There are 2 protein chains.
Amino acid sequence: MNELSRIMEKVEPLSGDFMEQAAERQKHLTKPAGSLGILEDLSVKIAGITRSSRPRMDKKAVCIFAADHGVADEGVSAYPREVTAQMVHNFLEGGAAISVLARHAGARVVVIDAGVASKLDPHPGLANRKIGFGTRNMIREDAMTRAQAEESLLLGISVVEEELSHGLDIVALGEMGIANTASATAIASAITGIEANRITGRGTGIDDARLAHKIDIIDRALSLRKPDKSDPIGILQKVGGFEIGGIAGAVIGAAARRVPVVIDGFISTAGALLAYAICPGVLPYVIASHASVETGHSAMLSCMGLSPLFDFRMRLGEGTGACLAIGIVEAACRLLDEMATFGEAGVSEK
Amino acid sequence: MNELSRIMEKVEPLSGDFMEQAAERQKHLTKPAGSLGILEDLSVKIAGITRSSRPRMDKKAVCIFAADHGVADEGVSAYPREVTAQMVHNFLEGGAAISVLARHAGARVVVIDAGVASKLDPHPGLANRKIGFGTRNMIREDAMTRAQAEESLLLGISVVEEELSHGLDIVALGEMGIANTASATAIASAITGIEANRITGRGTGIDDARLAHKIDIIDRALSLRKPDKSDPIGILQKVGGFEIGGIAGAVIGAAARRVPVVIDGFISTAGALLAYAICPGVLPYVIASHASVETGHSAMLSCMGLSPLFDFRMRLGEGTGACLAIGIVEAACRLLDEMATFGEAGVSEK
C-alpha cells in the first residue's frame, strides 16, 4: 500500500488563511453579517478546501461507482441482481434520476464499473475498471481479497485523478449495486459499533419479513467474518463492496487534491466513513448533502460529526441527494464571489 | 373591491386529475416508488397547480416588492431608512444576494417600487408602482388608508398578470423595506393571535435593548390600532406595508392564474398569511421555501399548515430562500418529466 500511503500523506488541514479571507469578505457583502447562515459557512469551508478566497464551482462531476454483491444471493433486496447493469445502462442513456439531476446541476456524469456481475458494453461515459464480477457472498467467505480491497481504494483515487485532468471544482459520489445496503450496514456496524438491527433499513423497499431476514444475514456475516474496527481495509475486504471501496478511495483522492467532495445517502456515506477510518484527515473535505430515510444513515453522519444540508425524505442513492447539494454549494460560492460589498454598492452600514 | 373579488373567484382547487396522472407516472419511473420523497410530492402538487401531467418550470421570476415604513422613525431597525432605496439600486445592478441567486436559478428579477420613501431613477428592471412615499407611523395613525391597502393588493395581482405576459411557470416573492419585520410581526400577531413578544425577532440584527424596544413599539401599535382578525384588509391598512400588501396580492394573483408561488422568510410569509386570511383557497398554490431564523416565522407557517423545504439558518429576506427553492421545485418537475420508465429503460421491476 505504498501508493495509498503516498496519497494519504498529501491530505492536509484546510487553509486557515483562505478561510479567514473568505470570512472577512462575507462581513463586507451587502447583507446583515451572518444572514446567509449555512451558505456563508459553506463558502468559507470551500475557501479553506480549495485555497482560494473566492472559489468557483464551475467544473462539476458526479462519479457513480457500480458493482454487484455476492450477498444478493441471500434475497436481501427487493430487486433482482441484473438491475445493477440495467441501471448503469439507464445512467448512460440519461433516463435515471441522477442523469436528470446532473443535467439540472450542470454536472457531468461519470459511471465506473467497479465490479458489475456481467460484461458491460463499451460506452464513452463508462469507465471499465472492473475488479471482479461482483463480490463473493459475505456469509460464506470474505467479500473480496485484501488485494482487491486495496485495488478498489486505488481505483477511487485514480477516478478523481482522471477527472481532475478534465477540470474538477467539486465532485459528488454516488453508487449503484443491488444488495449494497446490506454491505454498507455491515461496514457501518463494524466501524460505529452499533448493532446491525438498529441500523438496518429497507433499502429499495423490502417488507417486514425480508427486513428481519436481512438483519439476520448481516448479523451472521458480522459474526462469521469478525471485521476489526482497527483495520478498516480489512472491514472492506470482509464485508465490503467494490463500489464502496471506490467511493472511499475517491474521498481520499479528493481530499489529497483539495477538491470538495459531496456524499449522498447510506452507501455513499458508508464509503466516506470507511475513508475516515482509514485517513481521518479527509473529514473537513467532506460535505454531507441530505439526511436519508434509510435507517442508520444519521448514525454514520453522527460518527463523523457531519450535519446534512437538507432532508427531502429521499432514499434512492445514485448520488441524487449529493447532486442537489452541488447546486447549494455552487450558490454559496457564487454569493461570496459575486455579491457587491457595502462600499461597491454605496449601501449604508449599521 | 369588485376587481379583487373577481380575481378571488378564479381561485380553484388543484386538479385532482392531473395530480393522479403525475402520481401514476411517478410509480413507473426507474426508481423504487416513493424514493425521491418530497421531490415526488412537489411534482404532483405542481401538476395539480398547473393542470399539466408533466409540468416544466422553464420561465421563472423573482418579484421583489420594496417599500418604506413610517415605524422606522421609532428606531426598530439596525439600518437607516435610506438603505431601502440603496438596496433597490443594488438589486438592479446585480450585486445583491438575490441578484446572484436569481442568476443561479435562471430566474429573472423584477423589482417593484410599491412605496419607497424617495424618488427612484427609472431602470428597465424597476416597475414604478409607488402607492406612497412609505407608510405612516403605525403607532401614531393607521399605516395607510383602506384605499391604499386595496391598491397594494391589486398592485400585486397586476404584477403577476404582467409577468404572465412574459411567460411565467413559477414565481418567487421577496421584499425589501427597512423596519418591515415590525410591520410583518404586527400582521402575524393580529392573524395568529400570538402575542408580539413571542414572535418578534432581531430582523437585520438588533441587540437586546433594541429588541425590547421593538416589541414595545409593536405592542403599542396593536393596542392603539386594534386590528381585527376578521378583517384582514383592515389589518393591512392599520399595521401593514405597501410591499406586504403587494406580496399578498401576488399570492392571490398567482393562485388565480394557476402559477406556483414560492414564499421566502418572515415578511414574504406574512404577505402569504394575509393572502390566506383574505382568500383561503390560495393555500395549495403556496410553496414554503425555507425555515427562517427570524422568531415567529414557524408560527406563521404552522398557522397555514405549511412545512418549509429546508433550513439553512438564513434571515436575509429579498426572496433569497425562495429563489433557492425554485431550483428544487424545477428539479422535482424535471425528474417527473425526463426520467425513463421501467419499460422505456428495460429495467426489471420488483
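Student: Where is the place of Ser189(B) in chain B?

Tutor: This is a predicted model, and in it Ser189(B) sits in helix H7 of chain B, which covers residues 180–192.

Student: Is Ser189(B) buried or exposed?

Tutor: Ser189(B) has a relative accessible area of 10%. Buried means under 20%, so Ser189(B) counts as buried.

Student: And which residues does Ser189(B) touch?

Tutor: Leaving out residues up to four places away in sequence, Ser189(B) touches Ile194(B), Glu195(B), Ala196(B), Ile199(B) and Leu222(B).

Student: Ok, switching to the two chains. How many residues are in contact between chain A and chain B?

Tutor: Chain A has 55 residues in contact with 55 residues of chain B.

Student: What area is buried there?

Tutor: About 4,600 Å² is buried between chain A and chain B, and carbon and sulfur atoms give 62% of that. On the chain A side, the residues that lose the most area to chain B are His104(A), Phe312(A) and Lys350(A). Together these three make up 14% of what that side buries.

Student: How many salt bridges are there across the interface?

Tutor: The rule finds 4 salt bridges between chain A and chain B. One pairs Arg103(A) with Glu338(B), where the closest N and O atoms are 2.8 Å apart.

Student: And how many residue pairs in polar contact?

Tutor: Across the interface, 18 residue pairs are found in polar contact, with both residues at pLDDT 80 or more.

Student: Which elements of chain A give two or more residues to that side?

Tutor: Five helices of chain A are on that list: H3 (38–50), H4 (83–93), H5 (97–105), H14 (320–338) and H15 (342–345). H14(A) gives the most, with 8 residues.

Student: What classes of residue are on the side of chain A that touches chain B?

Tutor: That side of chain A has 28 nonpolar residues, 14 polar ones and 13 charged ones.

Student: Last one. Do the copies meet through the same surface or a different one, and why?

Tutor: The copies meet through the same surface, because 100% of the interface residues of chain A are also interface residues in chain B.

Notes. Residues numbered from 1 in each chain as written. Chains lettered and ligands numbered in written order. Predicted model: local features only at pLDDT ≥ 70, side-chain atom pairs only at ≥ 80, totals over all residues. Heavy atoms only, no water. Contact = heavy atoms within 4.5 Å. Buried area = accessible area lost by both parts, 1.4 Å probe. Salt bridge = Lys/Arg side-chain N within 4 Å of Asp/Glu carboxyl O. Polar contact = N/O pair within 3.5 Å; in protein donor to acceptor, adjacent residues only side chain to side chain. Helix = DSSP H or I, 4+ residues; strand = E, 2+ residues; numbered from the N terminus. Nonpolar A, V, L, I, M, F, W, Y, C, P; charged D, E, K, R; others polar. Buried < 20%, exposed > 50% of the residue type's maximum accessible area, 1.4 Å probe, protein only.
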